[in-house]
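I opened the model and kept notes as I went. The entries follow.

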Amino acid sequence: MPDSPGKDSAKRLSDTREDDSHGGYFHNKRVKQRAQDRALQAQMPAGSTSRVLSGCTVYVNGHTDPPRLALHDLVVRHGGVFLHYLSSKGAATHIVAEHLPPRKRVEFRNCKVVSPRWLLDSVQQGRQLPWAPYSVLGGSAAENTLTLAGADTIAVAAESSTIPNASVNTRTVPSVNTPTVAAERTNTPTPNVSAPTVAAGNSNTPNVASPTVPTAPAPSTRADAFPTAASDPEAFLRSYFEHSRLHKLSEWKARLRQEFVRAHSAEPPLTAPPSRVLHIDFDCFFATVAFLHRDKRRFPALDFARDPVAVCHGRGSSDVASCNYAARALGVRNGMWAASAQRRMPAGTTLTLLPYDFAAIEAASATFYAVLRGCPDFRWVLPVSIDEAVCVLRGEGEDEIVLAEQLRRAIRERTGGCTASVGIGASLVLARLALRLAKPDGVYAAGGDPSPPDSFWEQFSVRDLPGVGGAAAAKLGGADTATLGTLRHSTTLPSLQTQLGNKLGGKVWAALHGQDDPESQRMLLDPCAVFDRKSVAVDINWGIRFATVAQVDAFLDVCAGYVANKLRECGKRAGSVTLKLHRRAAGAPVEPPKYLGMGRCDAVSQAAGLGVPSGDVGVLATELKALFRALAVPVQELRGVAVHLAKLCGDQEAGPRTPGQWLGKGRVGAGALPAPVSTTPKATTPKGGAGPSANASAERYRRLRVSPVKDRAAVPRPAASDPGVAAFLEALPSQLQREVRRDLAGAIGETTGGGRGRLRAEMQRRAEAARAVNAHLTGSGGTLLAPVRFQGEASFKRVCRTVEAWVAATCSGDGPNDGPHERDVHVFLRYVEKLCAGDRVHLALRVASLVSTALALREGSCGDTRAYAEWEHILVRRVLPVLNRNRLTFQTERKLDVEWEV
DNA sequence: ACTGTATTGAAG
DNA sequence: CATCGCTTCAATACAGT
Ligand SMILES: Nc1ccn([C@H]2C[C@H](O)[C@@H](COP(=O)(O)OP(=O)(O)OP(=O)(O)O)O2)c(=O)n1
Ligand SMILES: [Mg+2]
Ligand SMILES: [Mg+2]
């Protein structure tokens with residue numbers, strides 16, 4: 001027993017409590033370890049952790065798969081307590097083991113002894129699952145039903161017997177990926193194939209849903225039984241991301257990068273690139289993990305080296321995430337559809353489709369990175385993805401092949417049989433190419449001075465070069481590009497640059513000489529700068545089907561919430577937001593071949609600057625809704641929605657033009673920014689029962705005239721502008737600002753010259769957009785908007801005309817009777833409020849901006865400054881507060897650069 | 001010559 | 001039943017100044 005038995009029980013008790021402040025120092029190793037674990041979790045990126053395992057105290061007994069190291073990471077990451085020693089049986093809430101020898105079986109007969117699967121599945125489903133189905137001691141349950149987070153239900157066969165099943169594959173697994181017999185790999189010593197002693201799972205594994213096992217239908221009736229993007233956007237997004245491999249790949253990558261920066265940000269960049277780098281990558285990663293963790297009752301005799309295997313969700317248009325090398329030999333590739341893969345099977349051969357096992361993938365990756373980070377030969381372990389890293393060697397790496405084999409072996413043994421391959425070279429590109437030759441389950445060190453010999457290059461096609469995908473390969477296309485061996489002798493730098501563009505041409509040219517281009521080298525010299533996040537986004541291009549604008553608005557709210565949360569987690573704010581939409585292409589079928597897929601689409605996007613960097617969900621949602629209307633994709637045609645935030649700056653950091661500018665104006669100190677519009681009380685509104693007095697208006701007018709205004713270079717202004725109206729303008733979503741300015745430019749005759757190319761396309765798009773927007777606004781579609789009436793007018797367009805006429809009439813300049821009548825103002829305000837209440841803030845914004853446009857136009861020509869001042873007052877003091885009152889959809893945070901009071 | 005935005009392509 | 005087609009970044013083209 002590692003723990004001293006002499007400890008008094010009070011202290012022992014405190015070990016299992018949350019509070020460790022009872023003493024001035026830690027009393028034993030376990031407490032210290034737990035503190036380390038908490039610190040460890042605190043270090044982990046916020047989004048990657050959870051409280052799923054809180055309340056669990058886990059002890060891992062014996063050899064497990066995934067290994068103790070990976071389980072430790074898992075438990076700590078998800079808020080559990082990990083015990084390294086078991087001082088008493090009661091100390092742990094759960095004992096995790098693959099199997100127990102008879103003596104332990106007796107010892108633990110009253111404990112919850114579960115297979116590691118319980119941890120993996122609990123984390124995956126986001127809640128602590130019942131432990132009984134995972135019991136290692138054997139339960140009596142015949143069948144249990146687990147409810148997934150997404151509310152689908154699957155049948156789970158519980159382990160019915162504890163007797164080691166002779167029919168289960170218990171032979172040791174040296175590796176599942178057999179190396180190719182490539183004569184070329186002469187400098188690769190044959191991998192040591194002496195059998196490690198990791199058994200391939202003893203199968204306490206519950207039967208996880210697989211593509212070939214239909215999931216039991218839910219009782220339906222519940223509205224959220226099958227959440228769709230339209231019916232329940234939040235639940236839809238959660239369920240979708242739960243299942244999306246690409247989402248997870250991106251999320252994992254971001255997490256790894258963040259962890260790297262956190263660990264290494266203090267280190268200075270290198271001044272010269274390292275002399276050797278080692279690129280390591282799991283072989284057919286998802287497929288290998290899925291095979292090793294497969295349901296061995298369903299697939300007892302599967303031979304991973306000979307039988308083609310692929311990982312996917314479904315069977316027809318489902319993407320193959322990863323396929324094994326047996327499948328690749330038959331032409332199957334990652335990313336291919338399952339049906340397409342199956343079509344490549346010769347007669348008599350079947351492709352086995354296995355389900356994803358995301359939790360086991362994470363566990364294997366944790367082991368992989370732990371092994372690499374524990375290697376003292378590496379200066380840095382640069383994460384490339386969940387299954388791949390570039391290791392920067394400290395020295396010349398004399399025994400690099402031996403080292404590589406040691407790593408591969410450690411990883412294989414500690415992941416229960418996942419093989420990784422290693423490529424080594426003098427540059428990133430050479431290591432990458434070598435990795436390709438090494439696969440599967442091998443090592444290849446690229447030599448040659450200064451560059452490898454022709455025999456090396458002849459084994460690659462241009463597609464093998466990093467940065468060369470389908471499009472670039474097609475541009476090269478010619479005969480001399482069959483292999484890199486011929487290409488590197490036949491081409492020239494200018495020729496490559498002509499065909500591929502300046503940068504890619506140069507990159508390929510460098511690669512053909514075994515060198516990294518400067519951009520790629522940045523990762524080796526200053527990885528933290530490269531890994532520092534420069535944008536935040538969410539993309540949903542699956543399951544996007546809407547019938548109404550209101551549904552899209554609700555979806556955009558969820559998107560805004562998602563990115564705002566992500567921003568918060570990484571401690572940043574955004575300076576701009578982009579909405580990118582996919583729209584069914586003309587001629588594409590309404591329902592594409594892929595279930596709920598996007599099909600053939602056109603993509604359109606538009607950005608909006610936020611003025612002041614923001615992370616506020618209300619600001620983002622408002623902009624997004626305005627952008628959606630600007631892009632004017634008919635809702636029925638929508639197939640994809642993406643929100644990208646850019647121009648990030650730190651949470652605390654001042655935006656590009658905030659306090660400095662205020663100080664520059666000779667104003668107040670840094671803390672004295674004006675109050676947010678939304679919180680500006682209308683207390684100061686000179687509301688003398690009727691409209692504003694002429695005096696008050698004139699006074700305000702003068703004051704606003706001299707008050708400081710935002711940098712005019714940064715925010716271009718309409719030719720005719722007044723600070724008061726300009727301030728109002730700036731409070732609007734930027735899309736509306738843009739439209740107002742464009743209207744002004746058009747009206748004043750500052751039209752921009754006609755153009756060709758993109759401008760023409762843009763004009764066309766605008767015209768189409770105008771029609772679509774009209775369809776929204778006039779309500780001609782009927783289904784889009786219930787009418788809100790103004791002066792008996794339901795058509796928004798005609799309302800706009802009425803309002804314009806009204807503004808014109810009140811600014812005609814005939815003296816004291818000029819200015820809007822208070823009763824009209826009241827009616828107008830009520831209309832604006834109704835629009836807001838009817839969830840049509842965008843229309844309210846539009847009609848309000850219309851007024852400001854009309855005013856700005858008139859200010860130049862006829863100069864009734866009194867009427868103008870009254871209007872300005874109405875806009876700023878009465879309309880804006882109404883708009884601001886709608887906090888969810890309108891801004892809550894943006895500040896106006898105008899001094900309202902003083 | 002420089003700026004900013006929209007679009008494309010690649011990667012895993 | 002399907003099925004879960006993300007996300008980040010560099011480069012480029014083009015328009016405006
Ligand atoms: N189009 C793709 C490509 C990859 N992946 C996932 C599954 C892969 O297993 C994992 C790692 O990608 P790799 O490019 O490393 O591919 P594999 O590991 O599957 O094969 P290998 O590395 O042996 O070529 O990423 C995916 O889901 N879809
Ligand atoms: Mg791989
Ligand atoms: Mg990889």
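I began with P440, which sits in the loop between α13 (428–438) and β14 (443–445). The model is predicted.

I then looked up D65 and P66. The peptide bond from D65 to P66 is cis, with omega near 0°. I placed P66 in the loop between β1 (57–60) and α3 (68–77).

Next, backbone angles. I noted that L596 is not a glycine, yet has a positive phi of about 60°. L596 belongs to the loop between β16 (572–584) and β17 (601–614). I count L596 as partly exposed because its relative accessible area is 24%. I found a positive phi of about 55° at A632, also not a glycine. A632 is in the loop between α22 (617–631) and β18 (638–646). A632 has 5% relative accessibility, so I list A632 as buried.

Then the metal site. Which residues coordinate the magnesium ion (ligand 3)? I found D281 (OD), D387 (OD) and E388 (OE), at 2.2 to 2.3 Å. Along the chain these donors follow the spacing D-x105-D-E. D281 also coordinates the magnesium ion (ligand 2), and the two ions are 3.4 Å apart. I checked burial: D387 is buried at 10% relative accessibility, and E388 is buried at 11%.

Last, surface charge. I marked a patch of negative charge made by D377, E396, E398 and D399. E398 is in the loop between β12 (388–393) and α12 (400–414). With a relative accessible area of 73%, E398 is exposed.

Methods: Residues are numbered from 1 along each chain as its sequence is written. Chains are lettered from A and ligands numbered from 1 in the order in which they are written. This is a predicted model: local features need pLDDT of at least 70, side-chain atom pairs count only at pLDDT 80 or more; totals for chains, interfaces and linings use all residues. Side-chain values use heavy atoms; hydrogens and water are left out. Donors are N, O and S atoms within 2.8 Å of the metal (3.2 Å for Na, K and Ca); water is not among the atoms, so sites may look incomplete. Buried means under 20% relative accessible area, exposed over 50%, partly exposed in between (1.4 Å probe, protein chains only). Patches are made of residues with over 30% relative accessible area and no salt bridge: like charges are joined within 9 Å, nonpolar side chains (Val, Leu, Ile, Met, Phe, Trp, Tyr) within 5 Å. Accessible areas come from the Shrake-Rupley method with a 1.4 Å probe; for residues, only the protein chains shown count as cover. A salt bridge is a side-chain nitrogen of Lys or Arg within 4 Å of a carboxyl oxygen of Asp or Glu. Lys and Arg count as positive and Asp and Glu as negative; His and the chain ends are not counted. The place of a charge is taken as NZ of Lys, CZ of Arg, CG of Asp or CD of Glu. Helices (H or I, at least four residues) and strands (E, at least two) are DSSP runs, numbered from the N terminus.
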